[in-house]
Amino acid sequence: YPAVAVAEALKRRFGDGVEILFVGAEGKMEMEKVPALGYRIVGLPIAGLQRRLDWRNLAVPFKAVKSIRMAKRIIRDFGADAVVGFGGYVCIPVARAAEQCGIPVVVHEQNSVMGMANKYLARRARAVCLTYDHAARALSDKSHVVLTGNPVRASVFAATRAEGRAAFGVPEDARMLLVTGGSLGARHLNAAIVQRKDMLLGYPDLHIVHVTGPKELDSVTEQLALTDEQAKRWRLMGYTDQMGLAMAAADAIVSRAGATSLAEISARHIPALLVPFPYATEDHQTMNARACVEAGAAFLVADADVEGAQFTDYLKTLVEDETARQRMSAAAAAAKTRDAAGLLADVVLKACESKSAQ
């Protein structure tokens, strides 16, 4: 999604004067999501290393060599002026191919802790763009670092509060709490919200839009056991492709702390209670969340503590205290996440210019 946001920024500036091609990993989510958003994508047979002894790791070097060879052909046929990597193992063969073809590479790191692929690629990249400045600690050479923030798609900005409220059936004079565990859901977070059912429904004007994750929907529905009357104010869904509308309608959000989720929350200036996924690599979601807390835009509770009193207290503050919500919203606005796509597009254009000057 950050890559799509940059593509949108370039299209807004140049229209048909810019050509964009996505490269993904065969069989992965991007191979469906990118075409659905109107962009062309080609897939590589690359696979990531398993972080344990696994026979599938034996095939990785062969897939990497084949993927580099395919990527060189893709880059030459497309006539690329720059390659932009957004992390993940698929970026390595594409960036290596670009280097061999003399094409400048730009790297973007979404998280507060730099991933393995980006650490590797950053050593030779023309520019390394960061969401959080402390991610630069992983780099020995910081001369080509640019702090851009994490790009957010136009659809997240486009939705209005009125449109969001209409889409989810929430009255304008009501309060709305959005709960989401990300695209895959979050069992422990869902359970914590279910435990506060009576408290939340005790606010007569509070509407809850609860995105459980596809695998959790049936379980959460059974646990909540909402009456028809309660279901009018507690909307359950496994997944929504209308997150921009949901965020536009929300007064507050309870969420995991993935990079894209945080960027969208910040861009919409939504007061947040963040529960980082505890098994993220190097605990980067906690680091992401702490940056928001330090800015004054969010509360943070560890996943292990969601049954505790602090989670309840923060939840009550988000629902009850309008002054606190306004203060947190103002802090999120100060982060200027809305500028990120344009700033990264500027870096990409400079890379293109450097290629033209060669």
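## Helix 15

Helices (H or I, at least four residues) and strands (E, at least two) are DSSP runs, numbered from the N terminus.

Phe311, Thr312, Leu315, Leu318 and Val319 are the buried residues of helix 15. Viewed down the axis of helix 15, these buried residues fall within an arc of 125°, so they line one face of the helix. The arc is taken from the directions that run from the helix axis to the C-beta atoms. Buried denotes under 20% relative accessible area, exposed over 50%, and partly exposed the range in between (1.4 Å probe, protein chains only).

## Basis of the model

The model is predicted: local features need pLDDT of at least 70, side-chain atom pairs count only at pLDDT 80 or more, and totals for chains, interfaces and linings use all residues. Residues are numbered from 1 along each chain as its sequence is written, and side-chain values use heavy atoms, with hydrogens and water left out.

Val254 lies in strand 10 (residues 252-255) and is buried, with a relative accessible area of 0%. Leaving aside neighbours within four places in sequence, Val254 is in contact (heavy atoms within 4.5 Å) with Leu177, Leu178, Val179, Thr180, Leu189, Ile193, Leu273, Phe311 and Leu315. Phe311 and Leu315 are among the buried residues of helix 15. The C-alpha atoms of Val254 and Thr180 are 6.4 Å apart, although 74 residues separate the two along the chain.

His207 is located in strand 8 (residues 206-211) and is buried, at 11% relative accessible area. Residues up to four places away in sequence excluded, the contacts of His207 include Gly169, Val170, Pro171, Met176, Leu177 and Lys232.

## Salt bridges

Side chains of opposite charge can pair when their charged atoms come close. Under the criterion of a side-chain nitrogen of Lys or Arg within 4 Å of a carboxyl oxygen of Asp or Glu, the count comes to twelve salt bridges. One of them joins Glu99 to Arg96, with the closest N and O atoms 3.4 Å apart. Glu99 and Arg96 are three residues apart in helix 4 (residues 91-100) and are therefore separated by about one helical turn. Glu99 is partly exposed, at 26% relative accessibility, and Arg96 is likewise partly exposed, with a relative accessible area of 26%.

Asp251 and Arg165 meet in a salt bridge of 2.8 Å, N to O. Asp251 lies in the loop between helix 12 (243-249) and strand 10, and Arg165 in helix 7 (residues 161-168), so the pair ties together parts that are 86 residues apart in sequence. Both Asp251 and Arg165 are buried. Arg256 pairs with Asp303, the closest N and O atoms being 2.9 Å apart. Arg256 lies in the loop between strand 10 and helix 13 (259-267) and Asp303 in the loop between strand 12 (298-300) and helix 15, so this pair ties together parts 47 residues apart in sequence. Arg256 and Asp303 are both buried. Through shared partners, salt bridges join Arg161, Arg165, Glu172 and Asp251 into one network.
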